[in-house]
Amino acid sequence: MIKVIIADDQELIRQSLQIILRAEKDIDVIDTVANGVEVIRSVRKEKPDVILMDIRMPEMDGVVCTEIIKENYTDIKIIILTTFDDDEYVFNALKYGASGYLLKGISTKELADAIRKVYHGTAMINEDIASKVVKLFSKMAQSNLTIHVDKIQTADLKTAEWHMIALVGSGLSNKEMARKLNLSEGTVRNNLSIILSKLGLRDRTQLAIWAVQTGAVNKQFEDNE
């Protein structure tokens, strides 16, 4: 059972999300809170697996709360709930360790699937705003956030793995990568896990940032289409 906390300053949204998610057999909403201060208090008591975090909340916003949570509870996954005009907030939330972000208004299935994916270690970015995320990664690459990988860790990366790294850095989803590479989504997921392990990176977000920073995103490969 995946234990979830919902954090949003609008009561109607909290209640709606709670009703929606409690219909899922493998998801348990253990608490709903209205701001970042309440999130931290609830985390200490409830020990959630995943937090659905509104990015704009009173007293303490989702960005500051994400930073505090990830510094003290590294295993807790955080999904930021956002709108199209939250670029700066989203950039900082990803920088501090959020596992992804979703647009408010996504379908019930997309939300539940996103929770399952981040719970199992996959970074989840809403496909509708993938291009937006690539721009954010570029900002990260130019900022003081550096993802460090030793050269020895990249020595045994295969050409096919470099190709996948470039595609991740370009913002492609697993489904899009599978179609482009003529592979199953399961194979793509497994190969990405191997790549992350080789590079010693935490998740897909770090891999994408590293790809932009190192220029791997610009490597040219022949399409297997």
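# Close-up views of a predicted model

**View 1. With a relative accessible area of 0%, V39 is a buried residue.** Buried is used here for a relative accessible area under 20%, exposed for one over 50% and partly exposed for values in between, with a 1.4 Å probe and protein chains only. The structure is a predicted model, in which local features need pLDDT of at least 70 and side-chain atom pairs count only at pLDDT 80 or more, while totals for chains, interfaces and linings use all residues. Residues are numbered from 1 along each chain as its sequence is written, and side-chain values use heavy atoms, with hydrogens and water left out. V39 is part of helix α2, where a helix is a DSSP run of H or I with at least four residues, a strand is a run of E with at least two, and both are numbered from the N terminus. Setting aside residues up to four places away in sequence, V39 touches A7, V33, I51, M53, C65 and I69, a contact being heavy atoms within 4.5 Å. G62 lies 23 residues from V39 along the chain, and the C-alpha atoms of the two are separated by 9.4 Å.

**View 2. D54 is a buried residue with a relative accessible area of 4%.** This residue belongs to strand β3. When its neighbours within four places in sequence are left aside, D54 is in contact with A7, D8, D9, G62, L81 and K104. A separation of 9.4 Å is found between the C-alpha atoms of D54 and Q10, which are 44 residues apart along the chain.

**View 3. K47 and N182 are shown for their backbone angles: K47 has a positive phi of about 55 degrees although it is not a glycine, and N182, also not a glycine, has a positive phi of about 60 degrees.** Most residues other than glycine have a negative phi. K47 sits in the loop that runs between α2 (36-46) and β3 (50-54), and with a relative accessible area of 44% K47 is partly exposed. N182 is placed in the loop between α9 (174-181) and α10, where N182 is exposed, at a relative accessible area of 65%.

**View 4. Helices α8 and α10 cross at roughly 95 degrees, and their axes come within 10 Å.** Axes are lines fitted to C-alpha atoms, for helices over the stretch in contact, and the angles run from 0 to 180 degrees between N-to-C directions. The two helices, α8 and α10, are therefore roughly perpendicular to each other, in a scheme where angles under 35 degrees count as roughly parallel, over 145 as roughly antiparallel, 65 to 115 as roughly perpendicular and the rest as oblique. On the α8 side E161, M164, I165 and V168 take part, and they meet V188, N191, L192, I194, I195, K198 and L199 in α10. Sorted by class, the residues of this contact of α8 with α10 are eight nonpolar, one polar and two charged; Ala, Val, Leu, Ile, Met, Phe, Trp, Tyr, Cys and Pro count as nonpolar, Asp, Glu, Lys and Arg as charged, and the others, Gly among them, as polar. E161 of helix α8 counts as buried at 10% relative accessibility, and, not counting residues up to four places away in sequence, E161 touches D156, I194, I195 and K198.

**View 5. Helix α10 (residues 185-199) packs against helix α11 (residues 204-214) at an angle of about 70 degrees, with the axes 11 Å apart.** That angle makes α10 roughly perpendicular to α11. From α10 the contact draws on L192, I195, L196 and L199, and from α11 on R204, L207 and W210. Six of the residues in the contact of α10 with α11 are nonpolar, none is polar and one is charged.

**View 6. W162 and W210 form a stacked aromatic pair, with 5.9 Å from centre to centre and 25 degrees between the planes.** Rings of Phe, Tyr and Trp (its six-membered ring) pair if their centres lie within 6.5 Å, and planes under 30 degrees apart count as stacked, over 60 as edge-to-face and the rest as tilted. A search of the whole structure finds one aromatic pair. W162 lies in helix α8 (residues 159-169) and W210 in helix α11, so the pair ties together parts that are 48 residues apart in sequence. W162 counts as buried at 18% relative accessibility, and W210 counts as buried at 5%.
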